[in-house]
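Hi,

Here is the structure I promised to send over. Have a look first, then read on for my notes.

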Amino acid sequence: MAVRNKYEPTNYWATLLQRRGCVLGKIWSVILGTIIVALGITIVYEFQLFNDWKGEPVIRLNFHRTLLVPFVFLLYFRSTIGYGRYWEGRGVISGYVRHSRELIRQCCGVLRGDDLEGQWFRLELRRLLMVLLGIIFDFSCGLEPQWDYSSLLETEAEELKKEPLGSLVATYAAKISSLLAKARAQGRVDDLEALGMENQVAALVASWSAAMKIRNTPMPFPYGQMLNTYRLLFVYSI
């Protein structure tokens, strides 16, 4: 999401009120449910329905304090995971830029031929790479392909809409590899140069796989379940 949702960190109010990238839209139901439960508990507490005959709360304060130890540990664990994933994601985005830039550089400097077909090879490789990057960025942001990329042909878009979403990245990587194989067969690149360009395509796909791992791998289930349990007990045992 950091790719699409830019903000000004020094502007307090703009950051606080920015809607793009805001997580409140995904958790508003949880917030509303918590408010309703909290109001119910407050009403019951004010009428002292949870007090025993001695006039003391049934839920002791020591029980509430005891929950702090595992609760803080699990929060720290989740924060550490989130911090590590943030920087891992930054590295993945850097990989997108680095490998695509290197592939374009090799395309312009290595592909031989100033004739019309040589120019077509360079333009077609650039076009395929731009479409591949668009699909990769959309998947990395949790979106489906938008099919409005400036480099995507209309007929090509109609064909790709029939493809499974999970195979789109592999499909365009294969298109680039096929184009490089055709250029090598015509002697426009030698074997070593073609191998270097293929390595950049493979590295770009590997960076996308790393981004999908970050996005689709949740916190380990036992930790997530325990964190939610302790959080519920901690909040409603006050």
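Below are the notes, starting with the overall picture and then going through a few helices.

Some ground rules: this is a predicted model, so local features need pLDDT of at least 70 and side-chain atom pairs count only at pLDDT 80 or more, while totals for chains, interfaces and linings use all residues. Residues are numbered from 1 along each chain as its sequence is written, and side-chain values use heavy atoms, with hydrogens and water left out.

Overall, the protein has 9 helices and 0 strands (DSSP runs numbered from the N terminus: H or I of at least four residues for helices, E of at least two for strands). Of its 238 residues, 29% count as buried (under 20% relative accessible area with a 1.4 Å probe, protein chains only). Among contacts (heavy atoms within 4.5 Å) with a separation of 6 or more, 70% are between residues 24 or more positions apart.

Now α7. It has 18 residues and reaches 26 Å from first C-alpha to last, close to the 26 Å expected at 1.5 Å a residue (the expected span is 1.5 Å times one less than the number of residues). Its buried residues include Tyr-172, Ile-176 and Leu-180, and their cover includes α5, α6 (154–160) and α8. Leaving aside neighbours within four places in sequence, Thr-171 is in contact with Leu-160 and Glu-163. Just after α7, Gly-187 takes a positive phi of about 80°.

How do α5 and α7 meet? Their axes come within 9 Å and cross at roughly 165° (lines fitted to C-alpha atoms over the stretch in contact, with angles from 0 to 180 degrees between N-to-C directions). That crossing makes α5 roughly antiparallel to α7 (the term covers angles over 145 degrees). Among the residues making the contact are Trp-120, Leu-128 and Phe-139 of α5 and Leu-168, Lys-175 and Ala-183 of α7.

Finally, α8 (residues 191–216) has 26 residues and reaches 37 Å from its first C-alpha to its last, close to the 38 Å expected. Its N-terminal end is capped by Asp-190, with a side-chain oxygen 3.2 Å from the backbone nitrogen of Leu-192. Buried residues of α8 include Met-197, Leu-204 and Trp-208, and the buried residues of this helix pack against α4 (68–110), α5 (116–140) and α7 (168–185).

Cheers

Technical notes:
Buried < 20%, exposed > 50% of the residue type's maximum accessible area, 1.4 Å probe, protein only. Polar contact = N/O pair within 3.5 Å; in protein donor to acceptor, adjacent residues only side chain to side chain. Parallel < 35°, antiparallel > 145°, perpendicular 65-115°, else oblique.
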